[in-house]
Structure formats: C-alpha cells, structure tokens
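Subject: Structure for you to look at

Hello,

I am handing over the structure we spoke about. Please open it first; my notes on what was found follow below.

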Amino acid sequence: MKVALITGVTGQDGAYLSEFLLKKGYTVHGLKRRSSLFNTDRIDHLYQDPHVDNQKFILHYGDMTDSTNLTRLVKEIQPDEIYNLAAMSHVRVSFEMPEYVADTDGVGTLRLLEAIRLLGLENKTRIYQASTSELYGKVQEVPQTETTPFYPRSPYAVAKMYAYWITVNYREAYGMYACNGILFNHESPLRGETFVTRKITRATAKIALGLQEKIYLGNLDAKRDWGHAKDYVRMMWMILQAEQPEDWVIASGKTTTVRDFVSMAFAEVGVELEFKGSGIDEKGYIKSINTKIYDNLFSSTVQKSQFLAVGQEVLSIDPKYFRPTEVDLLIGDASKAKEKLGWECDYDLQDLVKDMMQSDVKLMQKTQLLKDNGYETLNYFE
Ligand code: NAP
Ligand code: GDD
C-alpha cells in the first residue's frame, strides 16, 4: 500500500486528510512541531501506540524552516505522496510576522521540493502544494479560474505565491509530479478558532448559553466562497491520482458575506438578527427568537431561551480586525476539477453552518457544565 507524508498534520486539513488516507489503506506519516503542550487534539482519535507492530499512523517532529530535518524525513519515509499543508495560515497574523511566513509558507515548499530532487525521488514521489484563493487577492476576474491572474494582498498570499510558482517550476524543470490545489476557503468543526466562521459559530453558541455577551468582528462586507473541509481534502487526494500533474481550482462556486454567515449561524439557534448602522458603527441585534428551535436544541441544559432577549445587542465592529489590505470578494469556478476529475461536494453552505453549530453547541454545553461546577473556562476573544 502507498505511503504518504503530510506536513501540517495537526491542522484542520491535516486531520481530515489523515483520516481519509488511513481509510484508503495508506500508511500516513505526519510532521508536527514540537510544542510545550500536546498539540494533537485534532488527531488524537487516530493516534497509535508507537510500540505496536504495523503502525499505520506515525508522527515525526519537524519544522518547515529546517531543511536538514525535512530532507532526513523524506529519505527515511520514502513517501509515494507528500501533501504540503504546513503553513502559518492566518492572513491577518501574517501582517505581524511577514518574515517568518515567507520562510515557512514560501521557502518551506522549496525545501520539500529540493529534498525530493536531492534524494533522486523525482519519479517516485508526488507532491501536493496547498495553494490558496488568497493568490487572487484584488481579483482581476470574476469568478476565478486556473487562468485568472494573481494579485496577492497580504504577506501570507505573497509567500504562497512563491510556493505556487516554485512548485510549477520544479514540475517543468525536473519533470516532477508536483501540483497546486488552489483551494477556496474551507471550514469545519475543526477549523481554527480565530478564523471568522469558527469565531462566529463558537460565539453564537456561547451567546445562546449566556457564556458571552456579544461578538466583535471586522469587515462584515467581505465575501468568501466557503466549502466543507471534508470535501476539499478528498480533492487533494484526487489531484495526486490524476494522470498528469496540473494545477486545480477547488471551490463551491457561491459567495456569501461575513454578515450573512453570522445570520445563518444565529438562525441555527432560533435567533433572527437585524443589523443597524453602518461602517464601524454597525451593530447586530436580536430581532426575534424562535423558542421552539431554541428549546429543542438546549432542552438538556437551559429552558425558555433564558439568556436572550429581543432587542439585545449581540454584535459590534472592532476595527482591530480590519486588515491593512483586504480581499473583498472570492468566488471560484471549479469546472475543470468537476469535468476532468469528477469532483462533487457533499456539503453546501447550509450543511456546513449546521455541522459547525451543532458541534460548537455541544462544546459550549460542556463548557457551561464546567463553569456551573466552579471550574475556570477560557474566554478568549481573538
Ligand atoms: P491550519 O489549521 O492553520 O493548519 C496549519 C498546520 O501547519 C498546523 O498543523 C500547524 O502546526 C502547521 N505549521 C505551521 N507552521 C509550521 C512550521 N513552521 N513547521 C511545521 N508545521 C507548521 O490550516 P488548514 O486550514 O488546515 O490549511 C492547510 C493548508 O492549506 C495551509 O497551508 C493553508 O495555508 C492552506 N489553505 C487553507 C485553506 C482553508 O480555507 N482552510 C484554503 C486554502 C489554502 P501547529 O498545529 O503546531 O500550529
Ligand atoms: N479572522 C477574522 N476575524 N476575519 C474576519 C473578522 C474577524 O473578526 N471579521 C471579519 N473578517 C473577515 C476577514 O477580513 C476576511 O475578509 C474574512 O472575514 C475571512 O477571514 P478568515 O476567516 O480569517 O479567512 P481568510 O479568507 O482571510 O483566509 C482563509 O482562507 C484562505 C483561502 O482563501 C485562511 O484559511 C487562509 O489560510 C486561506 O488561504
């Protein structure tokens, strides 16, 4: 059976992809960073005791900034497929640490490609590069396809642009099977807590349970093409199974504002929102409460939507979440992947919001239980 190496195995996509490849019978090696606390929450259910025989899921310490480490691991593992998912992936944070991001997200990809080349694995090892719709930035065409020109708008996107072109270059220069998946935003219950969708679903569940008063957000007008990460990791694998190495856009083809995502999340707990004011003075208020939906969801913990009231202010703008340069609109056209690889989505946006809300409601019910029993719980508002 095939052997895969996943960098960024502890991230959202790394976790779903590991699960997917293990089900397919792969042996999966994952690169994880050393940290002072366990950082494997998302993959703990896949963990195998290293003392047992025939281990199928094996973790290695490593870092994208350390080429000797990467080269040694590729040499030891001799992977059939590498999925390069490791990155400092937060766009706003990339403005605060641009040099590190260039090193990890940009040069890190070169380090892996060089490892394959130096070890003479060009004909054995296929490599997937986690490219991004952020490359389109200030979009030059709507919708965006594989031929739309790039116009990156953040240190993250610029670093990913280097990674994109060095992947293309190694394919053309050395005949390597190296591909870019230009993936549009994909989310899930495993999404990092500071990306906007997860920030919204967590806060909505907390507000509904009286654990938080309101949510502070930045640009509500930004439009994103959101899909479910489970659908998108399947596509990463399909890209590496194609006959020829190519670059592929993966997207849902629909775009939605951040404001509408907030409304959809609140609707899951039976709350209708209305927005008043504009710019940094815009606020979100509870317009109505469907107690049937609310009580149905929370009957085991609270009753009669006791923490909510019509007219309550639940959303404000905090300009600190604005970005120095913003990407206003993303909407992808994945026709090529649909036609040539037969890709289809299992989840639409409504399914995604439901999945995330159900998961965060359960999580916050546990948090509430802990709080009721006198335990400190984290209230992190990033
Ligand atoms: P994520 O949840 O932020 O995971 C990133 C992973 O990279 C984590 O495992 C992280 O480790 C690891 N990492 C960060 N810096 C590293 C370094 N210097 N050395 C080794 N590992 C490092 O991201 P994701 O959402 O799963 O996305 C996966 C990839 O797809 C990323 O490259 C991202 O830029 C790209 N992408 C994502 C989307 C999306 O919408 N999700 C769309 C397009 C492209 P820790 O757990 O230790 O932090
Ligand atoms: N994070 C965040 N927090 N974003 C906010 C907030 C907030 O409080 N308020 C509004 N936004 C807006 C951002 O300005 C942006 O326009 C949009 O919500 C989405 O932000 P994120 O969820 O942080 O994702 P992103 O689109 O910047 O980047 C994600 O998708 C890319 C693919 O297009 C990341 O996963 C990248 O790694 C990925 O490449």
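A polar contact here is a pair of N or O atoms within 3.5 Å. By that rule T132 makes one with ligand 2: a polar atom of the T132 side chain is 2.6 Å from an oxygen atom of the ligand. Please keep in mind throughout that this is a predicted model.

Ligand 2

The side chain of E326 also has a polar atom 2.6 Å from an oxygen atom of ligand 2. V196 takes part through its backbone, with an N or O atom 2.8 Å from an oxygen atom of ligand 2. Of the 720 Å² of accessible area that ligand 2 has on its own, the protein covers 96%. There are 23 residues around this ligand, and T132, S133, Y156, R323 and E326 come nearest. By type, that shell consists of 9 nonpolar, 8 polar and 6 charged residues.

Ligand 1

Which residues come nearest to ligand 1? Out of 25 around it, they are T10, R33, S89, Y156 and K160.

- D63 has an N or O atom in its side chain 2.9 Å from a nitrogen atom of ligand 1.
- H186 has a polar backbone atom 2.8 Å from an oxygen atom of ligand 1.
- G8 has a polar backbone atom 3.3 Å from an oxygen atom of ligand 1.

Ligand 1 exposes 900 Å² when taken alone, and the protein buries 90% of that. Two or more residues of its shell come from each of α1 (12–23), α4, β5 and α5. Strand β5 gives the most, with 3 residues. The shell divides into 9 nonpolar, 11 polar and 5 charged residues.

Helix α5

Helix α5 covers residues 155–174, which makes 20 residues. An α-helix has 3.6 residues a turn, so residues three or four places apart point the same way.

Two single positions

Beyond its neighbours within four places in sequence, E81 is in contact with K2, V3, A4, L5, Y26, R126, W237, L240 and Q241.

G137 sits in the loop between β5 and α5. Because its relative accessibility is 2%, G137 counts as buried too. Neighbours within four places aside, its contacts are Y151, R153 and V327. G137 and D328 are 191 residues apart in sequence, while their C-alpha atoms are 7.8 Å apart in space.

Regards

Technical notes. Residues numbered from 1 in each chain as written. Chains lettered and ligands numbered in written order. Predicted model: local features only at pLDDT ≥ 70, side-chain atom pairs only at ≥ 80, totals over all residues. Heavy atoms only, no water. Helix = DSSP H or I, 4+ residues; strand = E, 2+ residues; numbered from the N terminus. Expected span 1.5 Å × (residues − 1). Near = heavy atom within 4 Å. Polar contact = N/O pair within 3.5 Å; in protein donor to acceptor, adjacent residues only side chain to side chain. Areas by Shrake-Rupley, 256 points an atom, 1.4 Å probe, with all protein chains shown as cover. Nonpolar A, V, L, I, M, F, W, Y, C, P; charged D, E, K, R; others polar. Contact = heavy atoms within 4.5 Å. Buried < 20%, exposed > 50% of the residue type's maximum accessible area, 1.4 Å probe, protein only.
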